[in-house]
Amino acid sequence: MVSNTQHRRTPRRNGKGVNKNLVKQPVTPTDTTQNAGLALANTASAEFSAEGFGGEKLFAGRRIIDFLKVAKPFAIFSAILTILSLVAILTKGLNLGLDFTGGVSATVVYEQPVQQAQVQSALASHKINDSVVQYLGSNKEILVRLPPQKQIEGLSNSLDAALDLPNNNATIKNIDVVGSQVGNEIYISSLGATALALVCMFIYVMVRFQAKLALGAVLALFHDSIITVGIFALFGWPFDLTVLAAVLSLIGYSINDTIVVFDRIRENFRRVRGASPTQIVNLSLTETLRRTIMTISTVLLVVVAMLLLGGESLHWFSVALLIGLILGTFSSVYIASAIPLWLGMSRKDFIVEVKPEFVEDEVVFEDRNAPMYDNKVLDNQ
């Protein structure tokens, strides 16, 4: 007979799966460090998974920058800048370009490279003053802008004779004449477009987030645009359609950065417990700080490149963008986020509460197997 008995090669274990005959190994400092690291990794993994699936965020142990500590001094500084900008716009006025005041625009091509100062001197020698000369792609093709002219007839021949330089003939490709009435209409339409953009931004933020945040966002946009335009009015820099396009672009950029901050504020109000509204806003600004720095850095690189290499046609456009980018980043932190907090923003603004008429009443069903009469009642009878 062949035996089927199997011999155990390892010592027998108890019911808990622990080997009785195994020798207990001493615990070394390295093992303690590894165990502590594993425990920390497991805790971090549990926290990450809880946040990923909509759980509560842990407020303790987070490094938070106290942005709102200096919110009031910066708010006073912004209010002073806004008032000064309004005073400069109302008293000095804007140095409006030909797009708003009307005038003559001519595209001229030279046979050889030409300097802007040479063209302006040639026009001034023929009693054509207040000209603006800009390059168009190369130093052979230029754009000449003139104020409104009393006599339009024969203007092409006068310009052709005035623009010819020694050993460098000029050819006028086209001439555009913009009347003062058309320029005034463009100016009014641009103001209406800016106001409409602010109103649409207010409605969007109010519907998407909350009315207090919407007011803060619109005041921040108003702050950015007014100070940018006020700086142009204070220094007398030319304000044309390209600068207006820069201001409208700044409104779009600033609201984009503000929306990112608002979204994080709403999320933290819903998921962080045991923190004040000021701490929630500081936490949200700290979490979005890296993204803000990366965004503003990349955009500034493009703006500085246009400012240095874009030529005269993009100079003031780049200047307006540079000023507005700095103001937009500042206002997203200290205006758009601080004003809703001063208006009493709290967690209740972001939590949907169930109305009393929708609360279900507790219904108690009788047990079908219970006796129809209570035994105690029968005994008393």
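Predicted model: local features only at pLDDT ≥ 70, side-chain atom pairs only at ≥ 80, totals over all residues.
**Overall composition**

The protein contains 13 helices and 6 strands. Of its 381 residues, 33% count as buried. Among contacts between residues at least 6 apart in sequence, 76% join residues at least 24 apart.

**Helix H7 and its two partners**

Helix H7 spans residues 211-235 and packs against helix H11, residues 315-334. Helix H7 also packs against helix H8, which covers residues 241-271. The table sets out the two pairs.

| Helix pair | Angle between axes | Axis distance | Crossing | Residue classes in the contact |
|---|---|---|---|---|
| H7 and H11 | about 145 degrees | 9 Å | right-handed | 10 nonpolar, 5 polar, 1 charged |
| H7 and H8 | roughly 150 degrees | within 10 Å | right-handed | 11 nonpolar, 4 polar, 1 charged |

How are H7 and H8 oriented to each other? Their axes cross at roughly 150 degrees, and angles over 145 degrees count as roughly antiparallel. H7 and H8 are therefore roughly antiparallel to each other.

The contact of H7 with H11 is made on the H7 side by Ala 220, His 223, Asp 224, Ile 227, Thr 228, Ile 231 and Phe 232. On the H11 side, the residues include Trp 316, Val 319, Ile 323, Leu 327 and Phe 330. Two glycines of H11, Gly 324 and Gly 328, also take part in this contact.

Towards H8, the contributors from H7 include Leu 213, Ala 217, Leu 221, Ser 225 and Val 229. H8 answers with residues among which are Val 243, Val 247, Leu 250, Ile 251 and Phe 262. Asp 224, Thr 228 and Phe 232 of H7 belong to the contact with H8, and these three residues are also listed in the contact with H11.

**The nonpolar cores**

The largest nonpolar core has 33 residues, and the members that touch the most others are Val 205, Leu 213, Phe 262, Ile 265, Val 281 and Met 345. At least two residues each are supplied by helix H6 (180-208), H7, H8, helix H9 (277-287), H11 and helix H12 (338-342). H8 provides the largest share of this core, 7 residues. Apart from this core lies another, of 21 residues, among them Phe 232, Leu 244, Tyr 253 and Val 303.

Which residues does Val 281 contact, leaving aside its neighbours within four places in sequence? Val 281 is in contact with Leu 68, Ile 265, Ser 337, Leu 341 and Met 345.

Val 281 is one of the buried residues of H9, together with Ile 280, Asn 282, Leu 283, Ser 284, Leu 285 and Thr 286. The buried residues of H9 pack against H8, helix H10 (289-309), H11 and H12.

**Two loop residues with positive phi**

Lys 127 has a phi near 60 degrees, a positive value in a residue other than glycine. Lys 127 lies in the loop between helix H4 (116-125) and strand E3 (132-136). Is Lys 127 buried or exposed? Its relative accessible area is 76%, and residues over 50% count as exposed, so Lys 127 is exposed.

Asn 167 likewise is not a glycine, yet its phi is positive, at about 60 degrees. Asn 167 is placed in the loop between helix H5 (155-163) and strand E5 (170-178). With a relative accessible area of 72%, Asn 167 is exposed.

Note on methods
Residues numbered from 1 in each chain as written. Heavy atoms only, no water. Axes fitted to C-alpha atoms, helices over the stretch in contact; angles between N-to-C directions. Left-handed = near helix turned anticlockwise from the far one by under 90°. Contact = heavy atoms within 4.5 Å. Nonpolar A, V, L, I, M, F, W, Y, C, P; charged D, E, K, R; others polar. Core = buried A, V, L, I, M, F, W, Y, C linked by side-chain atoms within 4.5 Å. Buried < 20%, exposed > 50% of the residue type's maximum accessible area, 1.4 Å probe, protein only. Parallel < 35°, antiparallel > 145°, perpendicular 65-115°, else oblique.
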